[in-house]
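I am opening my notebook to write down, entry by entry, what I looked up in this structure.

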Amino acid sequence: MQENNQLKNLRLNYEQDQLLESSINKDPFVQFKLWFDLVLKSDVIEPNAMTIATATKNGIPSARMVLLKEFDETGFTFFTNYESRKGKELLENPFASLLFWWREFERQVRIEGKIVQISRKESEEYFNLRPLKSRYGALASRQSEVVKSREVLEKRFLDLEKQFGENPPTPENWGGYKLIPNKFEFWQGRRDRLHDRIVYEKDKDDWKIYRLQP
Ligand SMILES: Cc1cc2nc3c(=O)[nH]c(=O)nc-3n(C[C@H](O)[C@H](O)[C@H](O)COP(=O)(O)O)c2cc1C
């Protein structure tokens with residue numbers, strides 16, 4: 001077990017930047033792009049890694065990392081297996097929450113909304129952009145199902161490679177999900193735990209903007 005005081009004494013003071021009502025963009029998608037472009041230009045590893053939290057219809061939550069692959073004013077897209085645990089949860093409860101933590105910038109972004117599947121055509125287009133071996137990885141994996149051993153998976157991978165060669169089909173149960181936001185929160189770490197938190201909440205066709213206490 002971790003020495004208790006070691007954790008209790010672990011803390012950083014955040015003092016890199018500030019987030020003020022006077023300097024934010026009124027459009028949360030533009031504000032996201034401003035922050036995200038900075039992270040993309042930096043040497044942050046996997047800047048597009050985000051947590052997605054889903055929940056069952058009874059409200060039991062689960063969270064995992066995925067990679068953001070596209071975003072615009074219609075939403076935030078990632079790719080996965082539709083029959084995975086997250087896929088099953090989204091089928092019975094389409095509400096989800098995304099989370100980015102860019103520690104080098106002392107910034108967190110939370111995005112909440114409803115998830116839809118993107119079109120089969122868009123999923124196929126992206127699938128075919130992936131490296132060949134990753135396509136086989138997706139094809140071989142019944143994501144989130146129990147498997148007897150690693151060898152079973154590796155054999156399935158090799159068998160599929162033999163069967164399809166250079167042109168593996170997009171798995172029927174694989175594709176993109178897009179989260180359509182109704183709420184964003186931009187968090188900038190500040191000194192002495194007086195962090196900045198600015199929320200954008202969808203209000204008909206507009207975004208209501210307010211500050212939360214840290
Ligand atoms: C940095 C990182 C990125 C990941 N990206 C994806 C992704 O884009 N799609 C995906 O299905 N799983 C991705 N995973 C694996 C998921 O975290 C998770 O293990 C998997 O999707 C199964 O989750 P589930 O059983 O809750 O459905 C990623 C994991 C990490 C650590």
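This is a predicted model: local features need pLDDT of at least 70, side-chain atom pairs count only at pLDDT 80 or more; totals for chains, interfaces and linings use all residues.

**Entry 1: a residue in a strand**

I began with E112, which counts as partly exposed because its relative accessibility is 28%; here buried means under 20% relative accessible area, exposed over 50%, and partly exposed in between, with a 1.4 Å probe and protein chains only. I then looked up its place and found E112 in strand β6, residues 107-117. I noted that helices (H or I, at least four residues) and strands (E, at least two) are DSSP runs, numbered from the N terminus.

Residues are numbered from 1 along each chain as its sequence is written, and side-chain values use heavy atoms, with hydrogens and water left out.

For the protein as a whole, I wrote down six helices and nine strands. The C-alpha trace spans about 60 × 50 × 40 Å along its principal axes, and 39% of the 214 residues count as buried.

**Entry 2: the ligand**

Which residues are around the ligand? Taking a residue as near if one of its heavy atoms lies within 4 Å, I listed E46, R64, M65, V66, L67, F79, T80, S84, R85, K86, Q143 and S144. I sorted this shell into four nonpolar, four polar and four charged residues, where Ala, Val, Leu, Ile, Met, Phe, Trp, Tyr, Cys and Pro count as nonpolar, Asp, Glu, Lys and Arg as charged, and the others, Gly among them, as polar.

I next looked for polar contacts, meaning pairs of N or O atoms within 3.5 Å; within protein, one must be able to donate a hydrogen and the other to accept it, and residues adjacent in sequence count only if both atoms are side-chain atoms. A polar side-chain atom of T80 is 2.6 Å from an oxygen atom of the ligand, a polar backbone atom of M65 is 2.7 Å from a ligand oxygen, and a backbone N or O atom of R85 is 3.2 Å from a ligand oxygen. Of the 620 Å² of accessible area that the ligand has on its own, the protein covers 64%; such areas come from the Shrake-Rupley method with a 1.4 Å probe, and for residues only the protein chains shown count as cover. Two or more residues of the shell come from each of β2 (61-67), β4 (75-81) and α3 (85-92), and β2 gives the most, with four residues.

Is V66 buried or exposed? V66 counts as buried, because its relative accessibility is 10%, and its place is in strand β2. R85 is in helix α3 and counts as partly exposed at 44% relative accessibility. Between R85 and V66 I noted 19 residues in sequence and 13 Å in space, C-alpha to C-alpha. E46 lies in the loop between α2 (28-41) and β1 (49-55), and its phi is near 50°, a positive value in a residue other than glycine.

**Entry 3: two helices**

The 14 residues of α2 should span 20 Å at 1.5 Å a residue, and the end C-alpha atoms are 20 Å apart, which agrees; the expected span is 1.5 Å times one less than the number of residues. The buried residues of α2 are P28, F29, Q31, F32, W35, F36 and V39. Seen down the axis of α2, these buried residues fall within an arc of 155°, so they line one face of the helix; the arc is that of the directions from the helix axis to the C-beta atoms. At the start of α2, a side-chain oxygen of D27 reaches to within 2.8 Å of the backbone nitrogen of F29.

For α6 (residues 150-164), I found R156, F157 and L160 buried. They cover an arc of only 100° around the axis, which puts them on the same side of α6. On the other side of α6, E151, K155 and K162 are exposed.
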